[in-house]
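Please keep the model in view while going through them.

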Amino acid sequence: MVEIANRVKSIDLSLIRKMFESAGENAINLGIGEPDFNIPDNVKEAIIRALDENATHYTPNNGYEELKEAIVNKFSKENNIKKTTNDIMVTAGATEALYVCSQALFNKGDNVLVPNPGFLAYSSFVKLAEANPVEVTASMENGFKLKVEDVQEVIDKNTKALILNSPSNPTGAVIDKEDIKGIADLATDHDFMIISDEIYEKIIYGKKHYSPGAYSDNVITINGFSKTYAMTGLRVAYLAANESVNDELLKIHQNAVACASSISQKAAYEALTGPQDSVKAMVAEFNKRRDLIVSSLREMGHECTDCDGAFYAFPKVERPFDFVKAAAEAGVVCVPGAPFGSAGEDHVRMSYANSYENIEKAMDILKDLEY
C-alpha cells in the first residue's frame, strides 16, 4: 500500500463533523456551525437570473470585477480598510482563503500563532504547510478575548504570522478595539502577518467589530457570505491583501480551484449590495437564543462568558467528554472543547444555530443530565 504523506498524518478529521454524523435522527443538534436560516429571497432571485443569463462559465481567477468593486466599497465604508480591486481575491469559501494563505506564506520551521481556544482547522492549515502552530491563550477571566500581552508573550524570531478570529469560534468573544490596534502594531513592529478571519463580523451583539487591517499593512483580511447570509453551501468568500502579496496567493488559488463558482459570485454580489433586512432579523433572533442558552447554562451552575458574537456558547463543565457522551445519549449533540486548544479542555461548545424552541428543549434535557 502506498504510504500517506506525513503532512496528512499530522492532522485529524473534524471531530465536529463526526459528532454531527453520528447523531441520532431526532437529536437536537447544538454541534454544527451553520445558520439554520435560508438564504435571503433577493439572493435566490439573483441565482435564478444568473442561470437564465447562462452565467455558468469560468470567471476571472480573482473573481468578477463588479463583485470585487463591491467588496472594496464594503471595506472602505465598514472597516476603514482602503483597498483596490487588485488587492481582492474571491475564493471558494473562507476555508479556501485560509488554505491559500497558509500554503503561500508558511515555510517549514515557521511559527504561526493560533488562538487558544480557536477554530480547530487553523492548526491543521499550519501543519499542512509544515509550519509549527503556537497557541496564544485567551483566558476565560478575560472573556476569551485575546489581549496584546497574550500575543507579545509568544512572539519569537521565527514568528511568521498570527491567525486572528473575532468574533470567535468557539467562544463568541469579540476582541476590544485597543487590543486589535495593539496586536496590529505588534505585526508592524515585529514584521509578521496577521491573517484576520472575520467571517462572523456581522453576527455581533451590543459590541462593535474592529479590523486589524485598519491599523497595519501586514494584514490579510478574510470575510465571506456563509454566516452573514446563510450561504454556507454556495462556497464563496473573499480576502484582501496588498497587491504584491495577492499575486503570490493567486498561484495557490489558480492551482487549487481556478476560480470561485460563477453562480455563487452572482449571489454574493446581490447579498452584499442588496437589502440587509434579513441579516438584521437573523442577528436579532440569534441574540434572543444567545440570552436563552447563556442564562440557562448559568442557572445549571456552568460558568459561561457573555458570548458577544458568532453563535456559540463555551461553558465550563465538569468532565466534558462524559458530559458530551451523556448529552448525546439523552438527545442533545454538542462538542467537547479540547480539540479547540488546551484552554478548551474544561469546556464544551454549544451552537445556538437552532430554533429557540429546540434550544429550550435541549436546556430542559441538560439541566437533568446525569453523567
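1. Helix 11 and helix 13 (residues 356-367) have axes that come within 10 Å and cross at roughly 5 degrees. Because angles under 35 degrees count as roughly parallel, helix 11 is described as roughly parallel to helix 13. Please bear in mind that this is a predicted model.

2. The contact between these helices can be followed residue by residue. From helix 11, the residues Glu285, Lys288, Arg289, Leu292, Ile293, Ser296 and Leu297 take part, and they meet Tyr356, Ile359, Glu360 and Met363 of helix 13. Sorted by class, the contact of helix 11 with helix 13 comprises six nonpolar, one polar and four charged residues.

3. Helix 11 (residues 277-299) also supplies the largest share of the lining of the second largest pocket, namely three residues. The volume of this pocket is about 150 Å³. Its lining consists of Glu78, Lys202, Ile204, Gln276, Val279, Lys280 and Val283, a set that divides into three nonpolar, one polar and three charged residues.

4. Seven strands form an open sheet in the order 2-8-7-6-5-3-4, and the pairing is mixed. Strand 2 (88-91) and strand 4 (132-137) are the edge strands, each pairing on one side only. On average, neighbouring strands of this sheet are turned by 20 degrees against each other, direction ignored.

5. Within the sheet, strand 3 (residues 111-116) and strand 5 (residues 159-165) run parallel and are joined by three bridges. Val112 stands opposite Ala161 in strand 5. Helix 4 (residues 65-79) packs on the sheet, where it touches strand 2, strand 7 (219-224) and strand 8 (237-240). The direction of helix 4 makes about 115 degrees with that of strand 2.

6. How many cavities of 30 Å³ or more does the structure hold? There are three. The largest cavity has a volume of about 80 Å³. Among the residues lining the largest cavity are Pro115, Pro117, Phe144, Lys145, Leu164 and Asn165. By class, this lining has seven nonpolar, three polar and one charged residues.

7. The second largest cavity holds about 60 Å³ of space. Its lining includes Lys74, Glu201, Lys202, Asn223, Gly224 and Tyr238, and the lining as a whole divides into four nonpolar, three polar and three charged residues. Lys202 lines this cavity and is also listed in the lining of the second largest pocket.

Terms used
Residues are numbered from 1 along each chain as its sequence is written. This is a predicted model: local features need pLDDT of at least 70, side-chain atom pairs count only at pLDDT 80 or more; totals for chains, interfaces and linings use all residues. Side-chain values use heavy atoms; hydrogens and water are left out. Two strands pair if DSSP finds at least two bridges between them. Helices (H or I, at least four residues) and strands (E, at least two) are DSSP runs, numbered from the N terminus. Axes are lines fitted to C-alpha atoms, for helices over the stretch in contact, and angles run from 0 to 180 degrees between N-to-C directions. Contact means heavy atoms within 4.5 Å. On a 1 Å grid over the protein atoms alone, a cavity is a set of points where a 1.4 Å probe fits but cannot get out, and a pocket is an open set with protein on both sides within 12 Å along at least five of seven lines; lining residues have an atom within 4 Å of a point. Grid points are joined across faces, edges and corners, and a volume is the space filled by probe spheres set on the points. Ala, Val, Leu, Ile, Met, Phe, Trp, Tyr, Cys and Pro count as nonpolar, Asp, Glu, Lys and Arg as charged, and the others, Gly among them, as polar. Angles under 35 degrees count as roughly parallel, over 145 as roughly antiparallel, 65 to 115 as roughly perpendicular and the rest as oblique.
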